Amino acid sequence: MVKNSFISIIFQEKREENCGSVEFQVFRFTNKIRRLTSHLELHRKDYLSQRGLRKILEKRQRLLSYLSKKNRVRYKELISQLNIRESKNR
């Protein structure tokens with residue numbers, strides 16, 4: 001539950017900013033990924049959701065690699081805020 005409250009606080013902060021920014025898009029994808037992951041823990045054979053999860057992960061990865069190339073400081077801040085791992089590919 002702590003993560004959910006933390007996520008809602010970040011969401012309120014980001015909503016005031018530009019909704020088309022890379023950070024906001026990564027934040028939205030991260031929320032979708034967490035929801036789909038919890039769904040797939042219950043429904044292991046939901047292959048369409050697994051496919052959707054893989055597509056969202058790829059989109060988030062592309063955005064994160066773009067952000068790391070453009071602005072490394074914002075990338076590091078976003079990674080630490082959302083509590084996700086840094087990509088191995090650089």
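The model is predicted: local features need pLDDT of at least 70, side-chain atom pairs count only at pLDDT 80 or more, and totals for chains, interfaces and linings use all residues. Residues are numbered from 1 along each chain as its sequence is written, and side-chain values use heavy atoms, with hydrogens and water left out. Helices (H or I, at least four residues) and strands (E, at least two) are DSSP runs, numbered from the N terminus.

**Nonpolar core**

- The largest nonpolar core has 17 residues. Such a core is a set of buried Ala, Val, Leu, Ile, Met, Phe, Trp, Tyr and Cys residues joined through side-chain atoms within 4.5 Å.
- Buried means under 20% relative accessible area, exposed means over 50%, and partly exposed lies in between (1.4 Å probe, protein chains only).
- Val26, Leu64, Leu78 and Leu82 have the most contacts inside this core.
- Helices H2, H3 and H4 (72–82) each supply at least two residues of the core.
- H2 gives the most, with seven residues.
- In soluble globular proteins, nonpolar side chains tend to be buried together.

**Salt bridges**

- The count comes to three salt bridges. The rule asks for a side-chain nitrogen of Lys or Arg within 4 Å of a carboxyl oxygen of Asp or Glu.
- Arg74 pairs with Glu23, and their closest N and O atoms are 2.5 Å apart. Arg74 lies in helix H4 and Glu23 in helix H2, so this bridge ties together parts that are 51 residues apart in sequence.
- Arg74 is partly exposed, with a relative accessible area of 35%. Glu23 counts as buried, at 9% relative accessibility.
- Arg72 and Glu86 meet through their side chains at 2.7 Å, N to O. This pair links distant parts of the chain: Arg72 is in helix H4, Glu86 is in the segment after H4, and they are 14 residues apart.
- Arg72 is partly exposed, with a relative accessible area of 28%. Glu86 also counts as partly exposed, at 32%.
- Lys76 forms a salt bridge with Glu86, with the closest N and O atoms 3.0 Å apart. Lys76 lies in helix H4 and Glu86 in the segment after H4, so the pair joins parts 10 residues apart in sequence.
- Lys76 counts as partly exposed, at 41% relative accessibility.
- Arg72, Lys76 and Glu86 are linked in a network of salt bridges.

**Positive surface patch**

- Arg28, Lys32, Arg35, Arg51, Arg54, Lys55, Lys59 and Arg62 form a positive surface patch. Patches are made of residues with over 30% relative accessible area and no salt bridge; like charges are joined within 9 Å, and nonpolar side chains (Val, Leu, Ile, Met, Phe, Trp, Tyr) within 5 Å.
- Lys and Arg count as positive and Asp and Glu as negative, while His and the chain ends are not counted.
- Helix H2 (22–42) and helix H3 (47–70) each supply at least two residues of the patch. The largest share, five residues, comes from H3.
- Arg35 lies in helix H2. Arg35 is exposed, with a relative accessible area of 55%.

**Backbone at Asn83**

- Asn83 has a positive phi of about 60°, although it is not a glycine.
- Asn83 lies in the segment after H4. Asn83 counts as exposed, at 56% relative accessibility.

How values were computed
Areas by Shrake-Rupley, 256 points an atom, 1.4 Å probe, with all protein chains shown as cover. Charge placed at Lys NZ, Arg CZ, Asp CG, Glu CD.
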